[in-house]
Amino acid sequence: MKRFLRRNQKKHRYTAALLGAAAALSCVAAGVCGGCGIREDSSGVSVLVSVDTAMGTVVRQTVYTEEEEDRDVTQEILRRIRELEHELLSWRLDTSEVYSVNFSAGNEEGIPLSDSLEEILEQCLTVSRRSQGAFDPSLGAVTRLWKIDEWAGLESAEGYELPTEEEIQEALQSAGYEKLVLKEGRLYLPEGMQLDLGAVGKGVALTRVREYLEGEPQVKAAVISVGGSILTYGDKADGSAWSVAVVDPLDPSESLGYLALNGQWCVSTSGDYERYVEVDGRRYHHIIDPETGCPADSGLSGVTVLCGDGLLSDALSTACFVLGKERGADLVEAFGAEALFVDHDGEISMTDGMKAYFHFR
Ligand code: FAD
Ligand code: MG
């Protein structure tokens, strides 16, 4: 059976409006035109819209709620995402647990983990094993060497220096999920190893937001995006599907089409078109192939993964970007997820299950 539907990019030029995130919200709140604001629809449900930043990226929220107007649930969601970053996941802020864990590298006694971080790392390691290390949360020494996050988006790359082969090989020595020991609630990081949970943090945030919303019965529905990861929650009053646009990685001001979803999904996109540095006409992006220590070169420009769990959708999109479309499709299948791949020449392919959700424009 043929797994992929193929289309040539030239056969369809896309006409959608500019969409900020890798996969983006589209038409989720009829009548609300971006920015922040509250409006009431005809059934008395308030629609809260907010745009903020957390985890070094943009957080967009559209929340349908029967809430009194003096309580803004979007600000509570934002507070929780920032708390997750500051207290648990950031490898930059000295207030977080990951920061302390990284500081403990080389300590033979290891470091005790909170239940939250233990659970996250166990999930990460499952994806690492099944992806044969294409997704690897222990790559911090290598990702820091490339400094892509610091340079991406700047007008000029003047002053940016590519790491040398020697530096890359040395940093790779410190990485490798198989060398990371997680035992009886303690983590033992070898000397020099640094965790980098940048490939899953936004997905973890989505799962946390969903857990919070499940305890807030006045919230009827929501769509939340944290950078390239999007949560759909609840059903729209008119029963129609949520529409999540998939950006064209070859022209991020356009969309390829959209996913029509009900309120139970997490969608994550990884690509080479947002965080990169260009040196001598060559693009160096932020997703590293753990085998080479260099930006992955699997022939893909973007991957969008659809899954019930946020951490998994985020981890799988990164892993698929490294693995390429054939091996990536096998991986998502093993997790019961779906994926859409766009390669460098604009060819689109997707898993069979994705065809039920994705619509070309
Ligand atoms: P994804 O594909 O989901 O992830 C790519 C990121 O994962 C890379 O940037 C790298 O960090 C890591 N990675 C690369 N290769 C691999 C691999 N093979 N396996 C596993 N991981 C890999 N950005 C800022 O500019 N400033 C900030 O202060 C900042 N703080 C952040 C705090 C948190 C808690 C998180 C989760 C992210 C933060 N970011 C920040 C963004 C982060 O640096 C990444 O750029 C971002 O998470 C990339 O997400 P993505 O969806 O584009 O790509
Ligand atoms: Mg990811």
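The shell around ligand 1 is made up of 11 nonpolar, 9 polar and 8 charged residues. Here Ala, Val, Leu, Ile, Met, Phe, Trp, Tyr, Cys and Pro count as nonpolar, Asp, Glu, Lys and Arg as charged, and the others, Gly among them, as polar. This is a predicted model, where local features need pLDDT of at least 70 and side-chain atom pairs count only at pLDDT 80 or more, while totals for chains, interfaces and linings use all residues. Residues are numbered from 1 along each chain as its sequence is written, chains are lettered from A and ligands numbered from 1 in the order in which they are written, and side-chain values use heavy atoms, with hydrogens and water left out.

- Ligand 1 has 28 residues around it (a heavy atom within 4 Å), and Asp149, Asp196, Gly198, Ser270 and Thr318 come nearest.
- Now for polar contacts (pairs of N or O atoms within 3.5 Å): the side chain of Thr318 has an N or O atom 2.7 Å from an oxygen atom of ligand 1.
- Lys202 puts a polar side-chain atom 2.8 Å from an oxygen atom of ligand 1, and for Arg92 the side-chain N or O atom is 3.4 Å from a ligand oxygen.
- On its own, ligand 1 exposes 940 Å², and the protein buries 91% of that (areas by the Shrake-Rupley method with a 1.4 Å probe).
- α8 gives the most to the shell, with 3 residues (helices are DSSP runs of H or I, at least four residues, and strands are runs of E, at least two, numbered from the N terminus).

**The largest pocket**

- Ligand 1 sits in the largest pocket, meaning that more than half of its atoms lie within 2 Å of the pocket's grid points.
- A pocket is an open set of points on a 1 Å grid over the protein atoms alone, with protein on both sides within 12 Å along at least five of seven lines; lining residues have an atom within 4 Å of a point.
- The largest pocket holds about 1300 Å³ of space, a volume being the space filled by probe spheres set on the points.
- Its lining has 47 residues, with Asp149, Gly198, Lys202, Arg275 and His286 nearest the centre.

**The largest cavity**

- There are 2 cavities of 30 Å³ or more in the structure (in a cavity a 1.4 Å probe fits but cannot get out).
- The largest cavity has about 40 Å³ of space, and β17 gives the largest share of its lining, 3 residues.
- That lining divides into 8 nonpolar, 3 polar and no charged residues.

Conventions. Polar contact = N/O pair within 3.5 Å; in protein donor to acceptor, adjacent residues only side chain to side chain.
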